[in-house]
Amino acid sequence: MAAYLFQLELFEFTNEMAAVVPRHREHINRLFAEGRILSYSVSIHRNMIWCVVNTEDEQEAMEMLLAFPLYHYFSEITCHALLFHNTLPATLPGLSLN
């Protein structure tokens with residue numbers, strides 16, 4: 001598997017886009033659960049998305065992006081192949097003996 005960082009620029013945020021967001025979030029959450037998305041971030045101004053995807057190759061990564069419900073609202077897509085992608089390990093909360 002290979003990791004790819006996508007920078008996705010969005011057109012100006014509209015009510016039409018807002019209506020697609022719930023379906024888009026559901027799709028993204030499903031890809032997280034499958035381990036196909038490793039990270040996902042949206043800028044405060046809602047004009048930029050960054051996501052790291054885990055696929056066999058760049059073509060599969062682009063095909064994954066084509067299925068994003070918000071795909072038609074992307075004004076520009078930039079893809080960077082990554083050598084590796086590190087994140088903080090998920091930890092369990094401390095055990096309380098109360």
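# Fold, core and selected residues

Of the 98 residues in the protein, 30% are buried, where buried means under 20% relative accessible area, exposed over 50%, and partly exposed in between (1.4 Å probe, protein chains only). This is a predicted model, in which local features need pLDDT of at least 70, side-chain atom pairs count only at pLDDT 80 or more, and totals for chains, interfaces and linings use all residues. Residues are numbered from 1 along each chain as its sequence is written, and side-chain values use heavy atoms, with hydrogens and water left out.

The protein has two helices and four strands, in the order β-α-β-β-α-β from the N terminus on. Helices (H or I, at least four residues) and strands (E, at least two) are DSSP runs, numbered from the N terminus. Taken along the principal axes, the box filled by the C-alpha atoms is roughly 50 × 35 × 20 Å. Among contacts (heavy atoms within 4.5 Å) with a separation of 6 or more, 69% are between residues 24 or more positions apart.

Inside, the largest nonpolar core has 20 residues. Such a core is a set of buried Ala, Val, Leu, Ile, Met, Phe, Trp, Tyr and Cys residues joined through side-chain atoms within 4.5 Å. The members that touch the most other members are Phe 6, Leu 8, Ile 37, Cys 51, Val 53, Phe 68 and Phe 74. At least two residues of this core come from each of strand S1 (2-10), helix H1 (15-33), strand S2 (37-42), strand S3 (48-55) and helix H2 (58-66). Beyond its neighbours within four places in sequence, Cys 51 is in contact with Tyr 4, Leu 5, Phe 6, Leu 8, Ser 39, Tyr 40, Leu 65 and Phe 68.

Two polar residues can be followed in more detail. His 24, in helix H1, counts as buried because its relative accessibility is 1%. Its side chain is joined to that of Tyr 40 by a polar contact of 2.8 Å. A polar contact is a pair of N or O atoms within 3.5 Å; within protein, one must be able to donate a hydrogen and the other to accept it, and residues adjacent in sequence count only if both atoms are side-chain atoms. Leaving aside neighbours within four places in sequence, His 24 is in contact with Tyr 40, Phe 68, Pro 69 and Leu 70. Thr 55 lies in strand S3 and is buried, at 0% relative accessibility. The side chain of Thr 55 reaches the backbone oxygen of Asp 57 at 2.9 Å.

Ala 81, in strand S4 (residues 74-82), counts as exposed because its relative accessibility is 61%. Apart from neighbours within four places in sequence, Ala 81 is in contact with Ala 3 and Tyr 4.

Arg 46 sits in the loop between S2 and S3 and, at 46% relative accessibility, is partly exposed. Most residues other than glycine have a negative phi. Arg 46 is not a glycine, yet has a positive phi of about 60 degrees.
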